[in-house]
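The stops below are given in the order in which they may be selected.

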Amino acid sequence: MTRSNGGIWRPLISVDAKGYGAADDRRQAAMQRGLADMLRASAAEVGLRRDEWVCQPGGDGELAILPADEGMVTVLDAYVRVLADRLQEYNDDRIENARLRLRMAVHMGVAAPAANGYSGAGVVVVSRLVGCAAARAAQAAAPEASLVVVLSNSIFQNLVAQRHTRLGPKLFRRIQVEVKEYRDEAWLYVPGHDVHALDLTTPPAGPPTGSTPSAPKPAPTPKPPPAREQAPAREPANRPGPPPARFQQTNVFEDQVTADVIGIKQEYFSG
């Protein structure tokens, strides 16, 4: 195995499930079981040694650090294809909210053991790729897609562009990834879909999940211009004023009391 800067140069795979945070507790538990079973079965089917992978689970996904001699061509040619097929089969009989849709990022770089898992530039890169805006936009643009794959520029240039895999370069779409401090090109692939036809425009941010958008406030009604004040007419100096008004008390409830108001059944409230 090749060591670099105190770490190990390893193949790296990061996966993340769409919609995990919005699911309730039981749905999250089901997604975790489905994810673990799906990754394990797909790796076993194509002959990858998943029991030798160092996996750092994250609830809705995982970071996997593969043995240095694990075949990256097998990962791209077979593992991606089988995982996409298994996900599609898993999702066919499920309603939209119960489907398992994944984003996967593949890179090769430095991964060093650390106090809380693994660190290193390679771990940072693969983590940025799996959560990039273009991958999320591809999932939104292709709602029937069960898997979206992002390759780092180095993986694409060394394996796909040089035709070491069965995946032709035309199946991939160049994207620009800008997440936090990370800036680089990457390559997007959506099994079963024309990635070049997808609208990757990031939708505008809406209200927080579960909130109801507030109605727009009506425009304020313009105030009418103030009326011009007129001087009161002058009364004759010796003219007597009107007599003072007499106070009269009126029963404002007259003829308005009903059976319902005073709580009497209507059958007793009659002549």
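Two residues are in contact when they have heavy atoms within 4.5 Å. The model is predicted, so local features need pLDDT of at least 70 and side-chain atom pairs count only at pLDDT 80 or more, whereas totals for chains, interfaces and linings use all residues. Residues are numbered from 1 along each chain as its sequence is written, and side-chain values use heavy atoms, with hydrogens and water left out.

**Stop 1: Q139**

Select Q139, which is found in helix α4 (residues 133–141). Helices (H or I, at least four residues) and strands (E, at least two) are DSSP runs, numbered from the N terminus. Is Q139 buried or exposed? Its relative accessible area is 2%, so Q139 is buried. Here buried means under 20% relative accessible area, exposed means over 50%, and partly exposed lies in between (1.4 Å probe, protein chains only). Apart from neighbours within four places in sequence, the contacts of Q139 are K18, R101, L102, R103 and V148.

**Stop 2: helix α5**

Next, select residues 153–160, which form helix α5. Its buried residues are N153, I155, F156, L159 and V160. Viewed down the axis of α5, these buried residues fall within an arc of 165°, so they line one face of the helix; the arc is that of the directions from the helix axis to the C-beta atoms. Which elements do the buried residues of α5 pack against? They pack against α2 (72–92), β5 (102–114), β7 (147–152) and β9 (182–189).

**Stop 3: the largest pocket**

Now display K18, G19, E96, N97 and R99, which lie nearest the centre of the largest pocket among the 12 residues of its lining. A pocket is defined on a 1 Å grid over the protein atoms alone, as an open set of points where a 1.4 Å probe fits, with protein on both sides within 12 Å along at least five of seven lines; lining residues have an atom within 4 Å of a point. The space in this largest pocket is about 370 Å³, where grid points are joined across faces, edges and corners and a volume is the space filled by probe spheres set on the points. Its lining comprises four nonpolar, two polar and six charged residues. Ala, Val, Leu, Ile, Met, Phe, Trp, Tyr, Cys and Pro count as nonpolar, Asp, Glu, Lys and Arg as charged, and the others, Gly among them, as polar.

**Stop 4: the second largest pocket and α3**

The second largest pocket has a volume of about 270 Å³. To find it, select S14, E62, L63, S127 and V130, the closest to its centre of the 17 residues that line it. Two or more lining residues come from each of β2 (7–17), β3 (54–57), β4 (61–65) and α3 (121–130), and α3 gives the largest share, five residues. Seven nonpolar, six polar and four charged residues make up this lining.

Helix α3 itself is mostly covered, with seven of its 10 residues buried. These are G122, V123, V125, V126, R128, L129 and V130.

**Stop 5: two loop residues**

Finally, select R163, in the loop between α5 and β8 (173–179). Its phi is near 60°, a positive value in a residue other than glycine, and R163 is exposed at 63% relative accessibility. K180 is found in the loop between β8 and β9. Phi of K180 is likewise positive, near 55°, and K180 is exposed at 63% relative accessibility.
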